[in-house]
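Biologist: I would like a close look at a single part of this model. Please keep the answer in one piece and stay with what can be computed from the atoms.

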Amino acid sequence: MPCRGSIPLVAININMRYFFVLLFALMLGSCDSAPKKGADGYRFGEKQYERNEVQVKIVTYKSQADYNKVLNRLKLPKTTAAFSTLSPPYDICTIHMIDPSIKYEPEFVGHEFLHCVYGQWHTDNKSIS
Ligand SMILES: [Zn+2]
């Protein structure tokens with residue numbers, strides 16, 4: 001015959017099991033300390049340098065076809081959404097992009113702007129940007 005005190009003990013044991021499962025799940029979630037990917041699909045890596053002032057030039061293309069011709073000439077992948085060019089001493093940066101009234105992709109323009117400020121901050125591709 002069960003006594004009145006046994007029911008709460010069973011309830012506590014079930015709750016403790018859920019507590020440890022929840023605690024374990026939280027511990028797994030907190031182990032992921034890698035920076036999150038941005039809307040451009042990249043994680044911010046290591047700065048090549050850091051500039052507080054940089055002259056940014058913008059080259060816009062009036063069509064995807066015009067932009068693709070430049071990608072082909074520079075031997076860049078056709079999937080390149082925007083690119084930037086830098087040359088030492090890295091105080092002038094030129095961002096190439098399709099006119100935003102034709103193709104609006106601010107996440108890639110922002111990506112390129114970070115190249116102007118930090119140089120090559122990601123090493124997971126071989127682009128010139
Ligand atoms: Zn890049």
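Which residues make up the largest nonpolar core, and how is that part built into the chain?

Modeller: The model is predicted. Its largest nonpolar core has nine residues: Tyr67, Ala82, Phe83, Cys93, Ile95, Met97, Ile98, Phe108 and Cys116. Two elements give two or more residues to this core, namely strand 3 (92-98) and helix 3 (106-118). Strand 3 provides the largest share, four residues. In general, nonpolar side chains of soluble globular proteins tend to be buried together.

For orientation, the chain holds three helices and three strands. Read from the N terminus, the elements follow the order α-β-α-β-β-α. Of the 129 residues of the chain, 12% count as buried. Strand 3 is mostly covered, with five of its seven residues buried.

The pairing of strand 3 comes next. Strand 1 (residues 55-61) runs parallel to strand 3, and seven bridges join the two. Within that pairing, isoleucine 58 stands opposite isoleucine 95 of strand 3, and Ile95 is one of the core residues. Strand 2 (residues 83-86) is also joined to strand 3, here by four bridges and in antiparallel direction. Threonine 85 has threonine 94 in strand 3 as its bridge partner. Strand 2 and strand 3 form a hairpin with five residues between the strands, and in this hairpin tyrosine 90 takes a positive phi near 65 degrees.

Helix 2 (residues 64-73) gives a contrasting picture of burial. This helix is hardly covered: among its 10 residues, the count of buried ones is one. Tyr67 belongs to the core. Leaving aside residues up to four places away in sequence, tyrosine 67 touches Tyr61 and Ile98. Ile98 is itself listed in the core. After helix 2 comes lysine 75, which has a positive phi near 60 degrees.

A last figure concerns the chain as a whole. Among contacts between residues at least 6 apart in sequence, 70% join residues at least 24 apart. To return to the part you asked about, the core has nine residues, and four of them come from strand 3.

Methods
Residues are numbered from 1 along each chain as its sequence is written. This is a predicted model: local features need pLDDT of at least 70, side-chain atom pairs count only at pLDDT 80 or more; totals for chains, interfaces and linings use all residues. A nonpolar core is a set of buried Ala, Val, Leu, Ile, Met, Phe, Trp, Tyr and Cys residues joined through C-beta atoms within 7 Å. A residue is buried if 20 or more other C-beta atoms lie within 10 Å of its own, exposed if 12 or fewer, and partly exposed in between; C-beta atoms are placed from the backbone. Two residues are in contact if their C-beta atoms, placed from the backbone, lie within 7 Å. Two strands pair if DSSP finds at least two bridges between them.
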